[in-house]
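My entries follow in the order I made them.

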Amino acid sequence: MSAGDDDYTPASRLRLLQAEFLQPGRGQHHERAAKADTPSVPIRIAIYDHIRAAVDEVTEHTRAVAPDAGPRPERADMVYDWMREHTAHLDAERQRAREALIYRHGLEHALAMGESKVIRRQACPGCGTWGLFWRRDREAAVCVNRFCADDDGVSRTWTLAQIADDHIARKESSARRAT
Ligand SMILES: [Zn+2]
């Protein structure tokens, strides 16, 4: 097995997003330089909004289930550790929901970077095969397995949340089988 995107955690992907698209420290100077490899302002704004929405979702989710969590970390990429730390006492179902949220964020960060191939490495929640591909226009993953299609032959589509929930459930059941 070669090293790939699977080696990235949601936190490291978020760090990568910040480093590659927002380039902290370069600021105005870099913007005016307008180099070909500099992400355009609209892209950078979109990435900035993406990161802020992710951090907000983690914060809201954490505070809803752990009101005593206190202030979130300053660094965006630290929010996942913060979330896990403050929700470690919750029941299995809520911990599962948290892991599914974090996993979904990892997928969203990869897609925000334009790495839609990350979807191909996800098992289809319907048939369990690795034949998913990302449809940006539909904001959903489509399964190419014809045996997975519905009675009319229409391919099934899955949201990132469905894929993440299924991933966490599969991981858990294989962990149970291993013990
Ligand atoms: Zn399928």
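Contact first: I count two residues as in contact if their C-beta atoms, placed from the backbone, lie within 7 Å. Helices (H or I, at least four residues) and strands (E, at least two) are DSSP runs, numbered from the N terminus.

Source notes. This is a predicted model, where local features need pLDDT of at least 70, side-chain atom pairs count only at pLDDT 80 or more, and totals for chains, interfaces and linings use all residues. Residues are numbered from 1 along each chain as its sequence is written.

**Entry: helix 3 against helix 5**

I listed the contact between these helices. I47, H50, A54, H61 and V65 in helix 3 meet R94, L101, H105, E108 and A112 in helix 5. The residues of this contact divide into five nonpolar, three polar and two charged. For these classes, Ala, Val, Leu, Ile, Met, Phe, Trp, Tyr, Cys and Pro count as nonpolar, Asp, Glu, Lys and Arg as charged, and the others, Gly among them, as polar.

Then I checked the geometry. The axes of helix 3 and helix 5 come within 11 Å and cross at roughly 180 degrees. That makes helix 3 roughly antiparallel to helix 5. Axes are lines fitted to C-alpha atoms, for helices over the stretch in contact, and angles run from 0 to 180 degrees between N-to-C directions. Angles over 145 degrees count as roughly antiparallel.

**Entry: the whole chain**

I read off six helices and three strands. From the N terminus on, the order is α-α-α-α-α-β-β-β-α. Buried residues make up 22% of the 179 residues. A residue is buried if 20 or more other C-beta atoms lie within 10 Å of its own, exposed if 12 or fewer, and partly exposed in between; C-beta atoms are placed from the backbone. Of the contacts with a separation of 6 or more, 46% are between residues 24 or more positions apart.

**Entry: helix 4**

Which residues of helix 4 (residues 79-87) are buried? I found V79, Y80 and M83. Seen down the axis of helix 4, its buried residues fall within an arc of 100 degrees, so they line one face of the helix. The arc is that of the directions from the helix axis to the C-beta atoms. An α-helix has 3.6 residues a turn, so residues three or four places apart point the same way. The cover over the buried residues of helix 4 includes helix 1 (10-22), helix 3 (41-65) and helix 5 (92-112).

I traced an open sheet of three strands in the order 1-2-3, with antiparallel pairing. Strand 1 and strand 3 stand at the edges, each with a single partner strand, so one side of each is left without a neighbour in the sheet. Two strands pair if DSSP finds at least two bridges between them.

Strand 1 (residues 132-135) pairs with strand 2 over four bridges. W134 stands opposite A141 in strand 2. Strand 2 pairs with strand 3 (residues 157-158) over two bridges. Here V142 stands opposite T157.

In strand 2 (residues 140-143), A141 and C143 form the covered face, A140 and V142 the uncovered one.

**Entry: two loop residues**

E139 is in the loop between strand 1 and strand 2. Phi of E139 is near 55 degrees, a positive value in a residue other than glycine. With 11 C-beta neighbours inside 10 Å, E139 counts as exposed.

C124 lies in the loop between helix 5 and strand 1. Is C124 buried or exposed? C124 is buried, with 21 other C-beta atoms within 10 Å. Leaving aside neighbours within four places in sequence, C124 has contacts including L132, C143, C148 and W158.

Key
Parallel < 35°, antiparallel > 145°, perpendicular 65-115°, else oblique.
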